[in-house]
Amino acid sequence: MTSMSKPFIDKHLPKNKLGLSVRNYEGVMSTLCAGCGHDSVTAALVQAFWELDLAPESAAKVSGIGCSSKTTAYFMGQSHGINCVHGRMPSVATGANAANGDLNYIGISGDGDSLSIGFGQFAHSIRRNLNMLYILENNGVYGLTKGQFSAAADYGSKSKKGIENDQMPIDPCVQALTLGAGFVARAFSGDKTQLVPLIKAGLKHKGFALIDVISPCVTFNDHAGSTKSYAHTYKYYHPLVHTDFVAHADEVTGAYDQDGAMRVTMQDGGELFLRKTESDYDPRDRAQAIETLLMNKTEGEIRTGLLYLNSDLPDMQAANKLPKTPLNQVPYESLTPGKAALAKLQARYR
Amino acid sequence: MKPTDTRDPDYYHKVVDCQWACPAHTPVPEYIRLIAQGEFTEAYLVNRRSNVFPGILGRVCDRPCEPACRRGRVEEEPVAICRLKRVAADHRDEVKHLVPQKPASTNGKKIALIGAGPASLTVANDLAPLGYECTIFEAHHRPGGLMIANIPSFRLPEEVLDEEIGYILDQGVELKTGHRIESLQALSESGYDAVFIGSGAPKGKDLRIEGRDEADANIHIGIDWLESVAFEHVDKIGKEVLIIGVGNTAMDCCRTSLRLGADDVKVMARKPRQFFKASPWELEDAEDENVDILVNHSPKRFVVENGKLTGMEFELMEYQLDEDGRITDTKIAGTKIIPCTDVILAIGQENAFPWIERDIGIEFDKWGVPIVDETTFESTRKGIFFGGDSAFGPKNIIWAVEHGHQAAISIHKHCEGSALDSRLPRGVNLQSAKMGVNEWMYSNSYTGEHRRQMPLAELKARLSNRKMEVETGYTAEQIATEVQRCLNCDVQTVFEAPLCKECDACMDICPVDCLSIVPVAEEAELRQSLRVPANNKDQDLFVSEPLKDTGRVMIKDENLCLHCGLCAERCPTAAWDMQDADIFIPHVDDETRKVAAE
C-alpha cells in the first residue's frame, strides 16, 4: 500500500468525448502488493473505458472474493458495483442483468473464485450467454491465503517453497470454448497494447466475453519454477492474433493496419480488425481454437489474443425475451399491478 | 537513443530546475525543506553559501528560478522561492558566529576590489577567510553599489543591506569609502597581486531629442536620480511625472516619485506590453500603486514653455505582429502631447570606464565593454578581473554574485600560480531517501494549494514614507502552506534496470504519466511513443539500459515528475528508488581543500 493517494493532476492529458480525462475513470487507491499484475489490469480497464467514451455511471462492476475481486474498487469510482459471496458473482450478475440490460456488466474474478468455489457458477453464466465482460485475473495461486496452488496452476510448476504441483490445471479458455462462449481471449497484464483493445472488444461484444488475463502474483508466484511469473510469461508469451477495435462512431482510419486483417462487425456496429501474427490461425474456428490451446501445453508457449469469436449467438436477454426496458424505468403501476392482477394470474394455475 | 549517463553531474542537476536556472545554483529544495522543519538559521546558511545575500535577494532577486520551477508546469504558478528565501532571512537566529570568520593570519596576498557592489563583496567574502587581504574602493560614502543607490528602501530596507554587507566586512575586509579610482594604471602599480573590477554599469542613457537642454532642470536620468534620492540629495519631485522606459529601473522610478510628492505618474512605453523588460511582479507592484502604464508612445520632443518643461510630445505607434509575436511593421498613427512637470529617463544603462587607460593591455569591444573570459572572468591583462555588470553589461545581483564566486577562484589560482581554467568539476552525490516501508526523508505528499500572495503594507501609509517596506513578509500560515508546494525535485528518481521485472506498476501509479516502457528508438520518435508525448524539449528524457525480459527500455520524461515517490513505493523490486541528490558546486574554499588533499 502506498503512503498516500495518487495526486489528481490531469491538465496534461487529453479529454474524451465526455470531456473526461483518463484520471476520471480511476477508483480508490489499490491495497494490493506492489507490483501485482491485477493493478496493471485495473489500469488497462481504466484506459479502455476512457477510450470507449463510456459514462462511468453506465457500468456495473461485479466481483466475488479474492485479490482480483478487490480490484473493482480501484477503477471507475463513479459507477455501480457489488462485491458478493465467494464464487457467486455470476448469479448476482445474472439477476442484475435481467433487471437492467442497459448497463455494461464487468465481472472481475480470479482463478480461485472462478475455477474452484465458483466453477459451477462460471460454467452456467457462459451457458446462459450472459451479456457481460468476464475478466479472470489468473495467477495460478491463492494469494490471499498465502500461496497454495490454485486449480489453474500448471502441472509440474513449483510453489514458492519448491513443491511441485502434481495435478492437472483447469484452462478457463478451453472450458469456455466447450461451453459455447462467443468471445474467448487470453492476455497478459504486462502487455496493455493487447489487453486494452481486447477489453474494449469484450465490452462491446453482445454476450459472454471471457478474457483470461495472466496476472502474476508478485508475492507468492513470481519465482523461478513458476509458470505464471513475469519472467516466464515474457519468455513464452506468444500472441496468435492482434486485435484492434474501432467503435461504431469512429472512422476506420489508416492508423489500423488493415493489410490481411479479418474484419468482423460487432452487433452494435463496432468493428474488429484481427491480424494473425503468424501461422494460419482463424479465431472463428472453434475446433482449431480448442486444439491450439490443448496443444500448447506440450510446447510451453503461452498463446494469447482473441482466440475465438462468434458474435451471432443470442444473449440471455434475447434468448429469454426479457423486457427491453430496465425495471427501474418501468412505472410502479405496471411493475406491481396489484392484488386483482395477482389473483387473475393465480387463477390461471388452478 | 543511448542509455542516460546519470553519473554526469549535470543530468540530475538539470532535473532540479530552480537550482539549474539560478546563476549561483542555490540548492532551493534543500533550504525549503529546512524552512519546513523550522530550521531557519540552517536554511539561511545554505542560501548564504551559494548566494551570499539571502536577505537582500529574498526581496529583490530577479528570480530566474521561478519561471523555471516545475510547479509552474504542473499547476499554474511556481513556488514562491524568492519569498521563502526572505522567510529564512527574516526568521533566522544570530548568525554572526556561523558565517566565515576573519582568519587568524593573512597569506600576504593583496587584492584590490573596485566598487563595493555585490560582485566585489562576493569576491571578498570568498577570499578574505582564506587569508587574502582584500581592499574595496568605493566612490560613494556607503557600500552596496546599486543595491543601495538604485534599489529603493521601500523594497530593500537599509538595515538588511547593512547587516549582510557587515558579515563580509567583519571578515577583515578593508573598505575605503569616498575613494573613487581615477586611474587603473596607478592602482595596478601600487603593489596588489590582483585587481577585481566590479564597478557596475553606472551610466544611465540620455534621450537627445528636441527641448532636452532647455528643460534640463526637470529631466532626470533614472539611476542617477534614484541614487540622489537614496543618498538624500533629492527629496521631492513635481506633481505630474512621466517615466520613459518600462524596465525594472522605470518601476523603481515611478514608485519613488509617488513617495516624493507626485500624484500623477505615468510610465510611457514605446511598445506593447509583451515587450516590456520589467519583471511581471514589478509591473504589478507599480500598477497596484495606481501608476498608469501607457503603451505605444514613442518620445518625440520635450515641450518647453518660457524655459520650463510643460509636457512631452509622443508619436502614437501602431505595430504589425507576425504569428510568433515579432514586430514586422511599424506605423506612426499621430502625435499627442502629455502635460507633465518632470520626466525621468529609464531607458537603459551602460558601462563606463573613463578611469581605465586604454594602453595598459585591457582590450575593449566596439561598445566599450571589456573583453572578459566567460569562465575565468580575467580580462586580456593577467591579474585583472571583471565581474557583475561591469563584465558583460547590466544583468542582476544574482549574476554578479556568481561572477564573484568564479572570479574568486580565478584570483586564488592566479595568486597560486596555477592555471585558471583547471577548475574543480561539479559533482553529484546520491543518497537513498528511504527511511522504511514507504517512508521517506522528505514530505512526498502533494498539495494542490495555490501560491500564497505576499501581504503588503497599507497603500496610504507606504506612500507617505519612502523608507517603509511595502512587502511585510509571509505569515506563519502562508509559510507552512508555501513550503509544501515545493516538489522536492532534488530527491531524484533513480532507476536500476537489472532489477526491473516490467510489471508496469510504476507506469500505472505515476500521477503525471511520465514513465513508459517502450522499444528503444531515436529521441524524436521516442518522445512521441510515450504514454503522454514528451513535447517539452527543454526537459530531458531518461533512458534506461535495456530491460532483461523484453529488451525494451524504461523512459522517464522529466517534464512533470512530482518526485512523489509513488513509483518507488509501488516497485516490487526497488528498481526505482528516491535518492537525495546533493549537487556539488565548487567554490574557492573547495579548491583550497583540494590542494590540501593532494
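Domain bounds are those of an automatic or database domain assignment. On that basis, chain B is divided into domain 1 (14-97 + 448-485), domain 2 (110-201 + 351-416) and domain 3 (204-348). The model is predicted: local features need pLDDT of at least 70, side-chain atom pairs count only at pLDDT 80 or more, and totals for chains, interfaces and linings use all residues. Residues are numbered from 1 along each chain as its sequence is written, while chains are lettered from A and ligands numbered from 1 in the order in which they are written.

The C-alpha centres of domain 2 of chain B and domain 3 of chain B lie 31 Å apart. Two residues are in contact if their C-beta atoms, placed from the backbone, lie within 7 Å. Domain 2 of chain B gives six residues to the contact, and domain 3 of chain B gives nine residues. Of the residues on the domain 2 side, five are nonpolar, one is polar and none is charged. Here Ala, Val, Leu, Ile, Met, Phe, Trp, Tyr, Cys and Pro count as nonpolar, Asp, Glu, Lys and Arg as charged, and the others, Gly among them, as polar.

Between the chains, 19 residues of chain A are in contact with 25 residues of chain B. Helices (H or I, at least four residues) and strands (E, at least two) are DSSP runs, numbered from the N terminus. Helix H1 (37-51) and helix H8 (230-236) of chain A each supply at least two residues of the side that touches chain B. The largest share of that side, four residues, comes from H1(A). By class, the chain A side has ten nonpolar, seven polar and two charged residues.

A nonpolar core is a set of buried Ala, Val, Leu, Ile, Met, Phe, Trp, Tyr and Cys residues joined through C-beta atoms within 7 Å. Buried residues have 20 or more other C-beta atoms within 10 Å of their own, with C-beta atoms placed from the backbone. The largest such core has 184 residues. B:Ile35, B:Phe196 and B:Ile243 have the most contacts inside it. Helix H17 (residues 397-416) of chain B gives the most to this core, with nine residues. Another core, of 64 residues, lies apart from it and includes A:Val46 and A:Phe183.

Chain B also holds an open sheet of three strands, in the order E16-E23-E19, with antiparallel pairing. Strands pair if DSSP finds at least two bridges between them. Five bridges join E19(B) to strand E23 (residues 576-584) of chain B. B:Val491 stands opposite B:Asp580 in E23(B).

Notes. Buried ≥ 20, exposed ≤ 12 C-beta atoms within 10 Å, placed from the backbone.
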